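Please open the structure in your viewer and keep the selection tool at hand. The tour below goes from one selection to the next and says what is found at each stop.

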Amino acid sequence: MESPANPNFHGAIATVSVSQICGSVGYTSVQPSALRAFSDVAIRYLLSIGRLCAASAASHNRTHCNLFDLVLSLETLSSTRGFSGGSNPTRPLLESVVLKELMAYLRIVDGIPFAKLILKERERSCSLSSSMSFAQMGMEVPVAMAHVPRWLPCFPDSWEAQKEREKEKGEEKNTVAKEVVVDGSLEGDWMEEGNKLELGFSFDPGLNLLQKRERQKVKFRIRLDSNSARGKRRKNCYLAVD
Amino acid sequence: MMSGSGNSSGAASTAGADGRHDDDAALTEFLSSLMDYTPTIPDELVEHYLGRSGFNCPDLRLTRLVAVAAQKFISDIASDALQHSKARVAAPIKDNKSKQPKDKRLVLTMEDLSKALREYGVNLKHPEYFADSPLTGTDPPTREE
């Protein structure tokens with residue numbers, strides 16, 4: 001499966017879910033084109049539910065959706081096939097046939113967990129605080145923005161603050177590299193293993209410098225050799241280890 | 001009479017209130033049972049697409065309900081497509097009646113899927129083949145011209 005950073009990540013998850021549901025229904029295999037189309041339809045269904053719920057909530061001067069909005073959106077999506085009681089405009093939503101069908105489905109069908117482990121992206125530090133209002137964060141609105149009410153979400157960090165944070169992280173990485181070129185000879189904590197040069201320090205998965213490993217110092221120099229085979233003068237560079 | 005009618009209306013209202021209480025209890029039980037149910041569509045995926053479309057609700061039960069609704073929708077379509085494929089397989093073979101189909105595997109094809117989706121208002125058309133040139137599939141005299 002793709003990594004979380006891949007734009008097709010969510011489509012891949014939807015494809016796996018749809019194939020699992022097809023397997024539970026009784027299918028043994030599925031054509032790839034049919035599976036792609038089916039998962040696309042499933043994604044559009046989810047998006048349609050969300051859009052209808054949001055529109056219903058907004059039409060009632062609310063920002064948060066509730067069960068009534070959800071039932072209305074499910075009934076709207078079921079209107080192409082029709083449902084019992086749809087002609088009654090004063091029908092109680094909590095007694096909707098669509099909701100009752102979902103209850104019956106939940107009672108009959110056993111839950112099938114998702115087949116694979118979903119990799120999560122790295123948690124962003126400001127993901128939660130960015131949606132909280134000034135009042136919730138206990139912060140005051142900047143004086144220059146006194147017209148902004150306190151119940152609105154906080155301003156996001158400016159790009160300058162983000163750049164400063166990235167600079168601080170970059171400085172930690174740069175301190176790892178050592179200056180090595182001195183007087184035509186190279187000094188450094190290099191250790192040669194076969195054809196590979198192994199660094200004398202290591203990193204953790206978050207690219208933070210771990211404790212430097214102590215290694216024997218190796219000095220080597222570059223020299224020019226004008227002697228060559230076949231009587232032809234050539235200048236060759238050799239790397240000699242002392 | 002008045003008292004009788006009053007009593008009957010009172011009884012009716014009591015019965016109605018009891019009925020509503022039962023419905024509310026069933027709904028409350030249903031919403032609480034959602035947390036014990038594991039839908040095939042993960043909550044993270046549902047939250048991602050709902051968030052993209054503007055759905056904003058902190059209650060996880062509603063997210064689960066959307067996941068169950070989507071799972072039921074896909075399951076219904078898959079069941080309809082399965083009925084179409086079984087009907088196609090069960091149709092009598094005109095060419096050779098002695099041979100029986102060896103492979104009884106059920107495969108979801110675009111043909112069955114498009115037939116099932118048509119009932120839900122989704123028009124799915126699949127091109128039969130891809131042509132590498134505009135003259136592919138035409139008669140040879142037309143090609144020579």
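Select A81(B), which touches Y27(A), L108(B), D112(B), L113(B) and A116(B) when residues up to four places away in sequence are not counted; contact here means heavy atoms within 4.5 Å. This is a predicted model, in which local features need pLDDT of at least 70 and side-chain atom pairs count only at pLDDT 80 or more, while totals for chains, interfaces and linings use all residues. Residues are numbered from 1 along each chain as its sequence is written, chains are lettered from A and ligands numbered from 1 in the order in which they are written, and side-chain values use heavy atoms, with hydrogens and water left out.

Stay with A81(B), which is found in helix 3 of chain B; helices (H or I, at least four residues) and strands (E, at least two) are DSSP runs, numbered from the N terminus. Is A81(B) buried or exposed? A81(B) counts as buried because its relative accessibility is 0%, where buried means under 20% relative accessible area, exposed over 50%, and partly exposed in between (1.4 Å probe, protein chains only).

Next, colour the whole of chain B by element, and you will find 5 helices and 1 strand, which run α-α-α-β-α-α from the N terminus on. Of the 145 residues of this chain, 32% count as buried, and its accessible surface comes to about 9500 Å², of which 53% belongs to carbon and sulfur atoms; such areas come from the Shrake-Rupley method with a 1.4 Å probe, and for residues only the protein chains shown count as cover. Among the contacts in chain B with a separation of 6 or more, residues 24 or more positions apart account for 62%.

Move to F38(A), which, leaving aside its neighbours within four places in sequence, is in contact with V18(A), C22(A), I74(B), I77(B), A78(B), L108(B) and L113(B). Together with F30(B) and L65(B), F38(A) touches the most other members of the largest nonpolar core, which has 67 residues. A nonpolar core is a set of buried Ala, Val, Leu, Ile, Met, Phe, Trp, Tyr and Cys residues joined through side-chain atoms within 4.5 Å.

Now select A14(A), S17(A), V18(A), A42(A), I43(A), L46(A), I41(B), L45(B) and I74(B), the residues that line the largest cavity. Helix 1 (9–25) and helix 2 (32–59) of chain A are the elements that give two or more residues to this lining. On a 1 Å grid over the protein atoms alone, a cavity is a set of points where a 1.4 Å probe fits but cannot get out, and lining residues have an atom within 4 Å of a point. The volume of the largest cavity is about 40 Å³, a volume being the space filled by probe spheres set on the points, which are joined across faces, edges and corners.

Turn to chain A as a whole, which has 6 helices and 7 strands in the pattern α-β-α-α-α-α-α-β-β-β-β-β-β along the sequence. Buried residues make up 26% of its 242 residues, and chain A exposes about 17500 Å², with carbon and sulfur atoms supplying 54% of it.

Finally, visit two loops of chain A. N61(A), in the loop between helix 2 and helix 3, has a positive phi of about 60 degrees although it is not a glycine, and N61(A) is exposed, with a relative accessible area of 75%. W151(A) lies in the loop between helix 5 (134–137) and helix 6 (159–174), and W151(A) is exposed too, at a relative accessible area of 65%.

Technical notes: 1 Å grid on protein atoms, 1.4 Å probe; cavity = no way out; pocket = protein on both sides within 12 Å on 5 of 7 lines; lining within 4 Å.
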